[in-house]
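This report walks through one structure, from its sheet to its aromatic contacts and the relation of its chains. Please look at the sequence and the model first.

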Protein chains: 2
Amino acid sequence: MVDIDIEKLKSGDRRSLSKAITLIESSRPQDQLAAQDLLKKILPYTGKSFRLGVTGTPGVGKSTFIETFGQHVISKNHKIAVLAIDPSSPTSGGSILGDKTRMDKLANEVNAFVRPSPTSGTLGGVAQKTREAILLCEAAGFDFIIIETVGVGQSEFEVARMVDFFLLMILPNGGDELQGIKKGILELADSIVINKADGENLKIATQTQAQYQSALQITTHSSFWNTEVLLNSSLQTKSSEELYKLFMNFQNLAIQNQQWNKKRQAQNIDWYNSLIKDLIFNKIHVSKKLNKHFNEFVESINNSNITPIEAAHKIVEEIFSGLEK
Amino acid sequence: MVDIDIEKLKSGDRRSLSKAITLIESSRPQDQLAAQDLLKKILPYTGKSFRLGVTGTPGVGKSTFIETFGQHVISKNHKIAVLAIDPSSPTSGGSILGDKTRMDKLANEVNAFVRPSPTSGTLGGVAQKTREAILLCEAAGFDFIIIETVGVGQSEFEVARMVDFFLLMILPNGGDELQGIKKGILELADSIVINKADGENLKIATQTQAQYQSALQITTHSSFWNTEVLLNSSLQTKSSEELYKLFMNFQNLAIQNQQWNKKRQAQNIDWYNSLIKDLIFNKIHVSKKLNKHFNEFVESINNSNITPIEAAHKIVEEIFSGLEK
């Protein structure tokens, strides 16, 4: 069994942090118990970070951005952690996104911690483990955390639900057929960044910016924050400073408007409720008998032999049948 | 107890249909049992309709559209039912949206059935009852069903999940600040209709059309159908015929592409799964002991005394504690 030295972890020791994340990612039952115990113990030392989500299709330049921006953040006296969620990573281990070799300079900084995507197939999914890894990084004193993901599957939606600020990166583009952005993602973004806005791309990037600004006007903004569309070039420190100011401004406004903690609490309660649902469906599928009944009902619904209402009632009655009132 | 004559209902008798919908809307336990029994019996006679969802902010002209379009559909030898979901309707009874008096002509047609919004507060919510009412209307031989809702709360999302075709109505608009369309709604629409596109409005309607067409290009369309932006004037029969053709074309394409039944089955399984979740949370909150524990955990999470993970595990363990393995 992996043994984690909590004091060393709290002192910011990157090896202990690595080991701790490996522990929470483990699917062995005894490791899971130890992980829960560890998380319980470090909970008081969590929460003091800026949690930034970054998404965008492969090739948009996320890694280069994080490499450049991350070093800028360190120059501002932050400690930065980069976690990656890569739904395309093979179960066996390796992961393309967040590969350490792609963020050489950042990974070698004393005040940086770069962690590739966990292997999928862990209980509760990769995103679930990332929420826990955020807490561990915070306990280890990392106060600027970037969660990187690609536009595959549900991971973008899940990342948006675990961060303070959600950044969507896109490429400069002619503007006709746009870049396969998933339904709903645009509207989750706290900011959209047109990346690689330099050299020959600059003109087209400005056009893309205008187009997205216009598209964003269609939906309402009820909160204290309006989604902005910015240009970024990882070749220029100016861009990093502009974005850094944007994030700090967001944080200040959110705190002023009592929305900072409110959002985090809401995310936690949301997490709690969806975990309950996940765990219940997990329990249903683990129980041979319940799982059999559940699937029989799916078939009956598809054949119009039972209404979804009746089927749902029957499953739920069965789950609660043993419980004293 | 309300007694429903199923043969009369199946013959299309509107009084029996009204009584049946009242039964499913009742929150009395014995009525609920009778409602489930009724739904079970009529299930084989359901499914043979075009289910059209219509949404838009108040004042966009939904009722006038449905009045005009409904009569056109009847002229095509359909029987039309109009159900309304009005999340703003008072618990006490009355409802603004779907008020019979607003669709005088349609309500007086022999081949039409217009039902105002059910009162809220019923178990499972108003939207849930509407899903059941759709089945009853179908069993009564209504083969074109319109579900009308306003842009309040979650009702638009719920309607999108229970219909074959989801229509968003908007007003002609200068194009700067747009019309408070909720995040995500635009992307659920199978078609967007710029309403009141006549007279002086026509020019501005065409501009609005272009703007929405451009906004829609940003997200991907993977299915057989591309969301179109159309102009509509309820003053012209031409508009009704154009929309009617659009719907029939959609249905033909969906059937050809094996998507018609697939979508309905997916909606049913989705309904089944969310009912299970709803019923489980219902059970949690009905049980004094579980509800107390659930709320204590919410408080502990908000005070950072427990992780959402640990809290969720504890609640789920408690639920399943009585169940034999």
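In what order do the 7 strands of the open sheet of chain B lie? The order is β3-β2-β4-β1-β5-β6-β7, and the pairing is parallel. The model discussed here is predicted.

## The sheet in chain B

Two strands form the edges of this sheet: β3 (112-115) and β7 (228-231) of chain B. Each of them pairs on one side only. On average, neighbouring strands are turned by 20° against each other, direction ignored.

At one end, strand β6 (residues 191-194) of chain B runs parallel to β7(B), with 4 bridges between them. Here B:Ser191 faces B:Glu228 of β7(B) as its opposite number. Helix α9 (residues 201-216) of chain B packs on the sheet and touches β5 (165-170), β6 and β7 of chain B. The direction of the helix makes about 175° with that of β7(B).

## Strand β1 in chain A

How many of the 6 residues of strand β1 (residues 50-55) of chain A are buried? The count is 6 of the 6, so the strand is largely enclosed by the rest of the structure. In a regular strand, side chains alternate between the two faces of the sheet. Both faces of β1(A) are covered. A:Phe50, A:Leu52 and A:Val54 are buried on one side, and A:Arg51, A:Gly53 and A:Thr55 on the other.

β1(A) has parallel partners. It is joined to β4(A) by 6 bridges, and A:Thr55 has A:Thr149 as its bridge partner there. With strand β5 (residues 165-170) of chain A, β1(A) pairs over 4 bridges, again in the parallel sense. In that pairing A:Gly53 stands opposite A:Phe166.

## Aromatic pairs and a cluster

Over all chains, the structure holds 32 aromatic pairs. One of them joins A:Phe113 and A:Phe142. A:Phe113 counts as buried at 4% relative accessibility. A:Phe142 counts as buried too, at 1%.

Why is the pair of A:Trp225 and A:Phe250 edge-to-face? Their planes stand at 90°, with the centres 5.0 Å apart; planes over 60 degrees apart count as edge-to-face. A:Trp225 lies in the loop between α9 (202-216) and β7 (228-231) of chain A, and A:Phe250 in helix α10 (residues 237-256) of chain A. The pair therefore ties together parts that are 25 residues apart in sequence. Both residues are buried. They also belong to one aromatic cluster, whose members include A:Phe50, A:Phe65, A:Phe144 and A:Trp260.

## Charges over rings

A:Lys10 lies over the face of A:Tyr45, 3.8 Å from the ring centre. In chain B, B:Lys79 lies over the face of B:Phe142, at 4.5 Å from the ring centre.

## How the chains relate

Through which surface do the copies meet? They meet through the same surface, because 100% of the interface residues of chain B are also interface residues in chain A.

Technical notes
Residues numbered from 1 in each chain as written. Chains lettered and ligands numbered in written order. Predicted model: local features only at pLDDT ≥ 70, side-chain atom pairs only at ≥ 80, totals over all residues. Heavy atoms only, no water. Contact = heavy atoms within 4.5 Å. Phe/Tyr/Trp six-rings, centres within 6.5 Å; stacked < 30°, edge-to-face > 60°. Buried < 20%, exposed > 50% of the residue type's maximum accessible area, 1.4 Å probe, protein only. Lys NZ or Arg CZ within 6 Å of the ring centre and 35° of its normal. Pairing = 2+ DSSP bridges. Axes fitted to C-alpha atoms, helices over the stretch in contact; angles between N-to-C directions.
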